[in-house]
Amino acid sequence: MKNKIIFISILLLVIMISAVEIYAADEVRYIRGIEIDGNFDDWDGKPHIIDNEDDIRSDWLNFTKVGYFADDQYLYIYAERLSSKSFYPWRFNVVILNAKEGKQRYDYIPTKYEYDDKDKYYQPTRYRKRKYAQFQISTDYSYYRNKKGTPIGISFNGKKIETVLLDSNSNKRIEFKLPLDKVGLDKENIDVKFMIKSSFDIKSYRKGLYPYDWVADGKPIIITTGPTYWQISSIPFFIMTIFIVKRKYRKGQETENSSKETI
Ligand SMILES: [Ca+2]
Ligand SMILES: [Ca+2]
């Protein structure tokens, strides 16, 4: 009987410790920020959306995956497209739907899509008129000094903010960050609602198909901003809870043993 109790206690302890370790590893991965450098390993474990491939004809405008992350200052975005050819530029907009400042544009955003079997294409069937603020992302050729890396220019409502040179040879994916103070959302624990819109695709347009690729299809992406201290402080809290549970369990065992002795 005693051996059984010891065995169960050890088993419980092992389960608890491994749970803490997994939880802590997940937390560390989450709180580890994104560095804008052309190395995409830091996107492992961050939220992402897979986008349809049958929603625009030009491969270089066709988004296939978008990752996102936010702290209290920046919205970080990872974008992947179908084409990796270096002579195709990057050119798209990041639309901030719940911007508190800088809303200047109106657009009809698709809210519903239907798959067209004949054209093998996702065509929008419903739209909603929305006002928003807009960041423009494009390959900055004025910055090209050598053939290595990808220079990504970032503008807000038509005004250039900066150019970052990504140390990456593949032109299939990029990463960048957008300053949330431009849209009045540089705060902790608030939602940022955004969408990504490709530039106009003449190839789709000529075939009578909808000429933009939106991510996400039919609805905005929502990410809650930091703070990171919340996530860090939850780890000691979790360990403390386990410690209390363990102490209570041990106390219970002691009472059980002493009552046995009395008998
Ligand atoms: Ca990176
Ligand atoms: Ca797509």
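Visitor: What should I know before I start?

Guide: This is a predicted model, in which local features need pLDDT of at least 70 and side-chain atom pairs count only at pLDDT 80 or more, while totals for chains, interfaces and linings use all residues. Residues are numbered from 1 along each chain as its sequence is written, and chains are lettered from A and ligands numbered from 1 in the order in which they are written.

Visitor: How many helices and strands does the chain have?

Guide: Helices (H or I, at least four residues) and strands (E, at least two) are DSSP runs, numbered from the N terminus. Here the chain has three helices and twelve strands.

Visitor: How do I read strand pairing, and which strands form the open sheet?

Guide: Two strands pair if DSSP finds at least two bridges between them. The open sheet has four strands in the order 1-2-3-9, with antiparallel pairing. Strand 1 (48-50) and strand 9 are the edge strands, each pairing on one side only. Three bridges join strand 1 to strand 2, and Ile50 stands opposite Lys65 in strand 2.

Visitor: Which strands does strand 6 pair with, and over how many bridges?

Guide: Strand 6 pairs in the antiparallel sense with strand 4 over six bridges and with strand 5 over eleven bridges. Five bridges join strand 6 to strand 7 (residues 150-156), again running antiparallel. Look for Gln136 in strand 6: Gln136 is the bridge partner of Asn93, and Gln136 is also partnered by Ser155 in strand 7.

Visitor: Where does the turn between strand 5 and strand 6 show a positive phi?

Guide: Most residues other than glycine have a negative phi, and most peptide bonds are trans. Strand 5 and strand 6 form a hairpin with four residues between them, and Lys120 in that turn has a positive phi of about 50°. Asn189 has a positive phi too, of about 60°, and lies in the loop between strand 9 (173-179) and strand 10 (191-198). As for the peptide bonds, a cis one joins Val215 and Ala216, with omega about 0°.

Visitor: Are Lys120 and Asn189 buried or exposed?

Guide: A residue is buried if 20 or more other C-beta atoms lie within 10 Å of its own, exposed if 12 or fewer, and partly exposed in between, with C-beta atoms placed from the backbone. Lys120 is exposed because 8 other C-beta atoms lie within 10 Å. Asn189 is exposed as well, with 10. Over the chain of 263 residues, buried residues make up 24%.

Visitor: Which residues touch the most other members of the largest nonpolar core?

Guide: In soluble globular proteins, nonpolar side chains tend to be buried together. A nonpolar core is a set of buried Ala, Val, Leu, Ile, Met, Phe, Trp, Tyr and Cys residues joined through C-beta atoms within 7 Å. The largest one has 38 residues, and Leu75, Tyr76, Ile77, Val94, Ile96 and Ile196 touch the most other members. Elements giving two or more residues to this core include strand 2 (63-70), strand 3 (74-81) and strand 4 (91-96).

Visitor: What is Ile36 in contact with, beyond its neighbours within four places in sequence?

Guide: Two residues are in contact if their C-beta atoms, placed from the backbone, lie within 7 Å. Ile36, in the loop between helix 1 (2-31) and strand 1, is in contact with Val164, Glu175, Phe176 and Lys177. Ile36 and Phe176 are 140 residues apart along the chain, yet their C-alpha atoms are separated by 5.8 Å.
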